[in-house]
Structure formats: structure tokens, C-alpha cells
Amino acid sequence: MSLLKNGLVDIHHLSTQDMLEILKLAGRLKDALARRDVPGYQLAAGSDRLVAQLFYESSTRTRASFEIAALRLGCRVTGFGSTEGSSVSKGESLSHTIDMFDAYACDAIVLRHPLDGSALWASERTSVPVFNAGDGKRQHPTQTILDLFTILEHHGRLENLNIVFSGDLKYGRTTHTLALALSQFAGNTFHFCSPSNLSMPRAITELVRGRGVKVIESENMKEGLETADIFYQTRIQRERMPDQNEFDKAKKAGAFTLAMMERTRPGFGLMHPLPIDKRIPGIMPELDAHPKALYKTQAGNGVPTRMAELALAMGLVELPVSGRPVHLPAGSQDDFCRRLEIHEKPPREGVSIRPIRDRGVVVDHLQPHTESLLALLLRVKDRRDVYRAGCVRSVARPDHVKGILMIEDRVLTTDELRLVATVSPGARVNRIENGRVVEKYELDLPAVISGVESLMCPNAGCITRPEHQEHVSCCFEKLDAHTLRCKYCDHILDASELFGHLF
Ligand code: CP
């Protein structure tokens, strides 16, 4: 498989070596551009390549630099720069919009969209390479490639760096993606500095710590300043905040000042993905021409890096994928259901739920109160004649209350067992024939949960949420016995949250 053949929707799809190869190619293209070596960079000349730009959110840098990158390569560019004037404003779904640019046989799609997971969904919908130009608050991987390029150009390395990430780390997709990428290089230290309501998502902090990064969290943006190699400042993402209260607290994030710059060591670089909001600037304007301010060079690096990415995606340059991406889902699809030995027990005294006399199923060891949810999901809720449910005190462990659900004349299918395992990992299922247990299973959380009706990702910004009307089915990957990650938005949740909206 050739590198970036499918575009780039998630930084986790790249190994460390892959990132370095893209940066090397971008370096060659930057040199060719500087020398005006047209044959050296116009790699698509005469090959009639077409790049579609689909921007559902405003942009200056990402859109312009992708467009310039495409034009410099010798491609043509189509698409829209805002939803106004496109059929998105008439209610067209992302799926249908992607289908159109697929039907027009575009060679690459660049997508910026406000929903988390939109780029992954688009890439599943089409075989055209998709570039994630920012999906909600989740990732902005092509920004990260230009950020890495800038750091490498400035410091000559991506390892053993002290990096301060400052500003809006909660909604700032650029910091999420850059932290994830830099965590793949050894010896880096991260200072995450933000107001408490804008801190880096726990999932990212834990993930980068797990990869050996030293992480220091603080509300003071001056912490770590004297030892910083890079200070990565970001804008408060006002447009993603649910209310004024959150924005009022967010405004406490300070600005990077000349006095702060004077405390930095030689070789220090001040970066910002831009734009800077002039109403609450994260960097004071007098620093724009400072030799340690890298953000103009950084933005300029968007052209050669995006040229490299487009050239790879369109097969104008072929590089083999090298190394394994770091992000692998845990477990396998079918290990959720374990058969148990049957030990015949005499009927217990004091158990208040009438047993199954003939044929049916007993679902036991349920987390308390999930039994009525299961009755709903297994479509017996209105059939009090066939099911009984309740919470009982465990005979073996009297301090333990468990849910129990009995359904007369019913055998559970594999999909239904998967549903029970999803609702209540640890549950046991007994199949009853002639009043006796003939099969017994213990259920663990399935490795992948998808295709289950009524599931909902708790992240309101996820593409799968029904209110966005994009008709994308939920899919979750198991992280451990009770924890899951949404495949689309990366939200990490406890299995008990999956059906929280139904209680
Ligand atoms: N850095 C960045 O994404 O800028 P734009 O929003 O202007 O594209």
C-alpha cells in the first residue's frame, strides 16, 4: 500500500516513519518552490487531476494553502468554500454531497466539517482519497504535518523537546492532533496550560502519558516558559462553546506577551495555527515580526506539506507505508460470549421471581435496573405474560444486588446476546428446556459494538448523533472490560453510558 493512498483522516493512521517520509517529501517540494523549479514541483502537469474542496466551516489558511498546493502541482480545484450557495443549505446530507464528488470522479476531497468523525465517515462513503481539513473539535491532521515540518525545520528534531500547549485545549483540534503526533517521538515533555474549563481531554492526556510522554498540567501559561523549546498558542474556540458562561471562563486564558518572550531561551519558537482572534488575542501583535515568532513561516509551510500529501494521495509520488500505525483496536469480534459448565442446583428458598417451568431464557447477574431496559430492547416490554424482571439480592453475596430477566419460550440469537453483553457486561445467560438449564454463557463487552438500535454516543458533536440527521450508525470499540471508544469521534465512555438516554 502506498502512503496516503486513502488521504489522511486521522493522525493515528500514520506511523512515525510515515510522518518523517511526508516531511522529507515536503522539504524537497519546498526547495523546488524556492528555486522556481517548475518541473520539480508541477508533478500533475498534463494529467488532468481535480481536487474538490468542501468547506462547511470558514477557513483562510487550510482552504487557500490546499488550493495553492493543488494549483502548484498542476491540478484544478472545485467545490465550495462555505455551505451558503451550496445545496447543503437546502438540507443535503454529507453522504449525498460526498457521493456527488465521487460521481464527478474527483481525484481527492478536502473536507472541513463541524462534526467530530465527519472525515472518517466521508472516507467510508467514497474510494476517493479524503483529507480531513478539521472535523469539529476532534483532529486537524494536515495542520499537524505542517506543524511538525515547522518544528523540524526550526529545531532539527522532533524528539526531546519541551512543548507548551496553551489556550483552548478542550475544543482545539490542532493541539489534540499535534500532541498525539509528537507523543510518537521519544523524550518529549508536554505542558498543557489552559483555564480549567478548557483542559486537554482526559483521553488524550492518558494516551500520551501511556506512550511515555511526561505531561504537566497547569492553569498558568507561564509555567514551563523558561525551559520551553516550542510554545504552541491557540485561539479560544468560541464557536464550539455551548454557552456564554463557558466563554466567560475561557476568556481568562492569557495572551503571550513581549515580557514573556524575553524570558524564553535561545532557539525558542512561538507557534500558533492561526487565526488569532483580535478581540481576545492569544499573542500580542507586537510579536508578529519577532525572530522567535514562527507562525507566519508555519502557515507558509502549509503549501509544500499539502503538496506532498496531495501528490502521494494521487499517486504522483509513490512511497511505501512504513511501520505500523500506533492505534489498534483491542480484542477480537467474537470473544464476548463464553460457555460455562452447568452445575445443577436445587431451587432456592426465598427467591421471589417465579422460575421458567418449561422453555425460555434467564438472564442473570445483570447490573441492577438494566433488566427493564433489556426487556425494552428485546421487545418484550409490553408482554408481561412472557417476561418477569426484577432486582434480587445475591444468595452467594448478600451485599450484592443484581438484575434478573426471565423470558418464557424464547431463545436469544447471537445479535441479541451481543445486545445483552453491551447493556450489561458480566451478565450470564441460561437457556432453559423442560425447566432445566441446558446452556449457560457468561458475556463480556463485545470488542466492536455496531448495528445495535438505540445506541447513542454521548458526545453531542459526534456525526452519529440523531439530531444531526446524517444517518451514520454508531460504532464503538472496546478498550477494557467496561470502557469503549466511539469509532467516529474518539469519545471514551463507560458502557453504562451507551443507553443513558433511554433510562
Ligand atoms: N489553521 C487553520 O486551520 O486556519 P484556518 O481556519 O484559517 O484554515
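Which strand is largely enclosed by the rest of the structure, and why? Strand β2 (residues 50–55) is, because five of its six residues are buried; buried means under 20% relative accessible area, exposed over 50% and partly exposed in between, with a 1.4 Å probe and protein chains only. The model shown in these views is predicted: local features need pLDDT of at least 70 and side-chain atom pairs count only at pLDDT 80 or more, while totals for chains, interfaces and linings use all residues. Residues are numbered from 1 along each chain as its sequence is written, and side-chain values use heavy atoms, with hydrogens and water left out.

**Figure 1. Overview of the protein.**
The protein contains 14 helices and 20 strands. Helices (H or I, at least four residues) and strands (E, at least two) are DSSP runs, numbered from the N terminus. Along the principal axes, the C-alpha atoms fill a box of roughly 85 × 50 × 45 Å. Of the 503 residues, 53% count as buried.

**Figure 2. The open sheet of five strands.**
The strand order is β1-β5-β4-β2-β3, and the pairing is parallel. Two strands pair if DSSP finds at least two bridges between them. Strand β5 (residues 130–135) pairs with β1 in the parallel sense over two bridges. Within this pair, L8 has F131 of β5 as its bridge partner. Strands of a sheet pair through backbone hydrogen bonds, either parallel or antiparallel.

**Figure 3. Strand β2 and its two neighbours.**
On one side, β2 pairs with β3 in the parallel sense over five bridges. The bridge partner of V51 in β3 is V77. Strand β4 (residues 108–113) also runs parallel to β2, joined by five bridges. In β4, A108 stands opposite V51.

**Figure 4. Surroundings of the ligand.**
The residues around the ligand are S59, T60, R61, T62, R112, H140, Q143, P273 and L274; a residue is near a molecule or strand if one of its heavy atoms lies within 4 Å of it. By class, this shell has two nonpolar, five polar and two charged residues. Ala, Val, Leu, Ile, Met, Phe, Trp, Tyr, Cys and Pro count as nonpolar, Asp, Glu, Lys and Arg as charged, and the others, Gly among them, as polar.

**Figure 5. Polar atoms at the ligand.**
An N or O atom in the side chain of S59 is 2.6 Å from an oxygen atom of the ligand. For R61, a polar backbone atom is 3.0 Å from a ligand oxygen atom. A ligand oxygen atom also lies 3.0 Å from a polar side-chain atom of H140. Taken alone the ligand exposes 250 Å², of which the protein buries 92%. Accessible areas come from the Shrake-Rupley method with a 1.4 Å probe; for residues, only the protein chains shown count as cover.

**Figure 6. S166 and Q233.**
S166 belongs to strand β6 (residues 162–166). With 2% relative accessibility, S166 counts as buried. Its side chain makes a polar contact with the side chain of Q233 (2.8 Å). A polar contact is a pair of N or O atoms within 3.5 Å; within protein, one must be able to donate a hydrogen and the other to accept it, and residues adjacent in sequence count only if both atoms are side-chain atoms.

**Figure 7. I342 and E439.**
I342 is in the loop between β11 (337–339) and β12 (360–366). At 34% relative accessibility, I342 is partly exposed. I342 and E439 are 97 residues apart along the chain, and their C-alpha atoms are separated by 7.2 Å.

L274 and P275 are joined by a cis peptide bond, with omega about 5 degrees. The loop that holds P275 runs between β10 (269–271) and α11 (295–300). D409, a residue other than glycine, has a positive phi near 55 degrees. D409 sits in the loop between β14 (401–408) and α14 (414–423) and is exposed, with a relative accessible area of 54%. D490 is not a glycine either, and its phi is positive at about 70 degrees. The loop between β19 (483–486) and β20 (492–494) contains D490.
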